[in-house]
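Hello,

Here is the structure for you to look over. My notes follow below it.

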Amino acid sequence: MDTAQNPGSDHKKADPPKSVSAYLDPNYWNQRFSNEEHYEWLKDYSHFRHLIQAQIKPNSSVLELGCGNSQLSEELYKDGITEITCIDLSSVAVEKMKERLLSKGYEGVFPGCLLKFLLLFPSFCVFVLLEFDTRFNNR
Ligand SMILES: C[S@@+](CC[C@H](N)C(=O)[O-])C[C@H]1O[C@@H](n2cnc3c(N)ncnc32)[C@H](O)[C@@H]1O
């Protein structure tokens, strides 16, 4: 998706990987997120808002899987959905997301790595799971 389709994103476009399998490599994502502040892989929140609003209530606990550097969590927060956990396999994405959310004062939004997430939350926690184009690493 180029920036013309993705006007909210950085103008500096990341180089595409040499092969599709690079999407399975955490190093690809760490390197990419080191050089990129914001990119929406799908359309921005305004295109999904009506679907999300119909399904997710303000008191829901939301787990965003593969958050990258998307602004989805911020948009949800602005819409009153404030209990959000964003996780990503890229430690760079997680650290940058933490910094960004903290600097904006979004309390209640928790970025974390997948492993930490599994350790932190007991099995009785109920989440609405949001997955936007994660491209799972299922090795
Ligand atoms: C195509 S990007 C989508 C990012 C964001 N959801 C968006 O829509 O802009 C895929 C993201 O999923 C993450 N990812 C891939 N496999 C993952 C896994 N097994 N667990 C958590 N995150 C994963 C990548 O690091 C990357 O941030």
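Two strands count as paired if DSSP finds at least two bridges between them. By that rule, strand β1 (residues 61–65) pairs with strand β4 (residues 128–131). The two run parallel, over four bridges. Within this pair, Val-62 stands opposite Val-128 of β4. Please keep in mind that this is a predicted model.

β1 has another parallel neighbour, strand β2 (residues 83–88), joined to β1 by five bridges. Here Glu-64 has Cys-86 of β2 as its bridge partner.

Now the helices. Helix α1 (residues 26–35) and helix α4 (residues 91–103) have axes that come within 7 Å. They cross at roughly 35°. From α1, the contact takes in Trp-29, Asn-30, Phe-33 and Ser-34. From α4, it takes in Ser-91, Val-92, Ala-93 and Lys-96. By type, the contact residues are four nonpolar, three polar and one charged.

What is the span of α4 from its first C-alpha to its last? It reaches 18 Å over 13 residues, close to the 18 Å expected at 1.5 Å a residue. Buried residues in α4 are Ala-93, Val-94, Lys-96, Met-97 and Leu-101. Ala-93 and Lys-96 are buried, and both also take part in the contact with α1. An α-helix has 3.6 residues a turn, so residues three or four places apart point the same way. Just after α4, Gly-105 has a positive phi of about 75°.

Best regards

Note on methods
Residues numbered from 1 in each chain as written. Predicted model: local features only at pLDDT ≥ 70, side-chain atom pairs only at ≥ 80, totals over all residues. Axes fitted to C-alpha atoms, helices over the stretch in contact; angles between N-to-C directions. Contact = placed C-beta atoms within 7 Å. Nonpolar A, V, L, I, M, F, W, Y, C, P; charged D, E, K, R; others polar. Expected span 1.5 Å × (residues − 1). Buried ≥ 20, exposed ≤ 12 C-beta atoms within 10 Å, placed from the backbone.
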